[in-house]
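Reader: I would like to learn how to read charged pairs and nonpolar cores in a model like this one. Could you take me through them step by step?

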Amino acid sequence: MKFIVSSLKLLKSLQALSGVIGSNNTLPILDDFLFQLNDTGLKITVSDLETTMTVALQPDMVEGVGEVTIPARILLDIMKNFPDVPVTINVADDTLAVTLSAGDGQYKLSGHKSDEFPQIPVMDDTAVWMIPADVLANGFEKTVFATGNDEIRPIMSGVLMEMKENYLTFVATDAHKLVRYRRMDVKSDVIASFIMPKKPINQLKNILGSMADEPVKVEFNRTNASFVFGDYKLVCRLIEGHYPNYEAVIPANNPNQLVIDRQSFLSAIRRVAVFSSKATHQVRFKISGQEILLTAEDIDFYNEAKERLTCSYTGDDLEIGFNSRFFQEMLNNLDTEEVRLEMSAPNRAGILVPVNNANTEEDILMLLMPVMLNS
């Protein structure tokens, strides 16, 4: 089998797939790209057994048909160093030796039989959603940072996708923080939900972000989900289990409300957090009148910081502590100029929401549990 393809076109496809390849694969074949050439074109596949991803390419020239797996690391390393030139890949039918030619250079590497490469799961009894690529990308981007890493509760290591009649919701939580991202402009007759693992989410959001509003076909059953868009297809195993009742933990009555410039707030927390305890990352928020005083201290090293900011505040004077790392993550994942922090008591969760969001079809709510203040 032999084909000619643009080096940049091939590199872009290989890089898009490479995130699926694990660092400690149990099967050596999983360190390879699977190349399948036939009359309709070229298909490249990667898998880690849990996630399988393919891309379809149309080479400039095709000669023969066949399959071979090629070691991913060495192929990526050589492709990164080519300018935009035609690359010829020739695979010997008997030995599976791979010869790569570009310009005056010729490079040889060993191909492997494709017999042991995992098959894409066959999905039965599926349901389908059609979701714009930018909605999926934003939903994953705004929530995946809030997922946990607790092996005892694997459901919290993924993102819940939940379709209701009038909106689509993405939810992530690690029990300390929670993010609910809702889109009112996505509807479906298929009312269902499933929990997406973190790895395929990161794989998808990196590619979907550049595809604007192109529709993505999301097909799923109880165990697997597939995402088909452009020349790509990703199939992944879902996380099994019942997601916690996230609505029950969102406090409904929050009379103390603070509105503040997001970037100024974020910068001040970053500065003050440098002086916080490395164990708790605690920053104290003391709010009174139209001011908020941020303080942090690390008593082990006698470090202390204070910074005062003006804000718009309604409610009783309040003193509450938050994990500064979590708070920064949340502010970084909001886009509006101003944010509103809603609170009820020092021992109850705080709610962070954007103010004057330009996208009226978007509803974002971020929840953060407080940390106990030092006396």
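Reader: What should I know about the model and its numbering?

Author: This is a predicted model, in which local features need pLDDT of at least 70 and side-chain atom pairs count only at pLDDT 80 or more, while totals for chains, interfaces and linings use all residues. Residues are numbered from 1 along each chain as its sequence is written, and side-chain values use heavy atoms, leaving out hydrogens and water.

Reader: Are E291 and R308 buried, partly exposed or exposed?

Author: E291 is partly exposed, with a relative accessible area of 33%, whereas R308 is exposed at 52%; buried means under 20% relative accessible area, exposed over 50%, and partly exposed in between (1.4 Å probe, protein chains only).

Reader: How many salt bridges does a search of the whole structure find?

Author: Side chains of opposite charge can pair when their charged atoms come close. The search of the whole structure finds 18 salt bridges. E319 forms one with R284, their closest N and O atoms being 2.8 Å apart. Since E319 lies in strand 23 (residues 318–323) and R284 in strand 19 (residues 282–288), this pair ties together parts that are 35 residues apart in sequence. E319 counts as partly exposed at 29% relative accessibility, and R284 counts as buried at 17%.

Reader: Which residues touch the most other members of the largest nonpolar core?

Author: In soluble globular proteins, nonpolar side chains tend to be buried together. A nonpolar core is a set of buried Ala, Val, Leu, Ile, Met, Phe, Trp, Tyr and Cys residues joined through side-chain atoms within 4.5 Å. The largest one here has 103 residues, of which F33, F35, F265 and F285 touch the most other members. Helix 5 (residues 262–273) gives this core its largest share, six residues. A second, separate core of 15 residues includes M156, A349, L365 and L367.

Definitions and conventions. A salt bridge is a side-chain nitrogen of Lys or Arg within 4 Å of a carboxyl oxygen of Asp or Glu. Helices (H or I, at least four residues) and strands (E, at least two) are DSSP runs, numbered from the N terminus.
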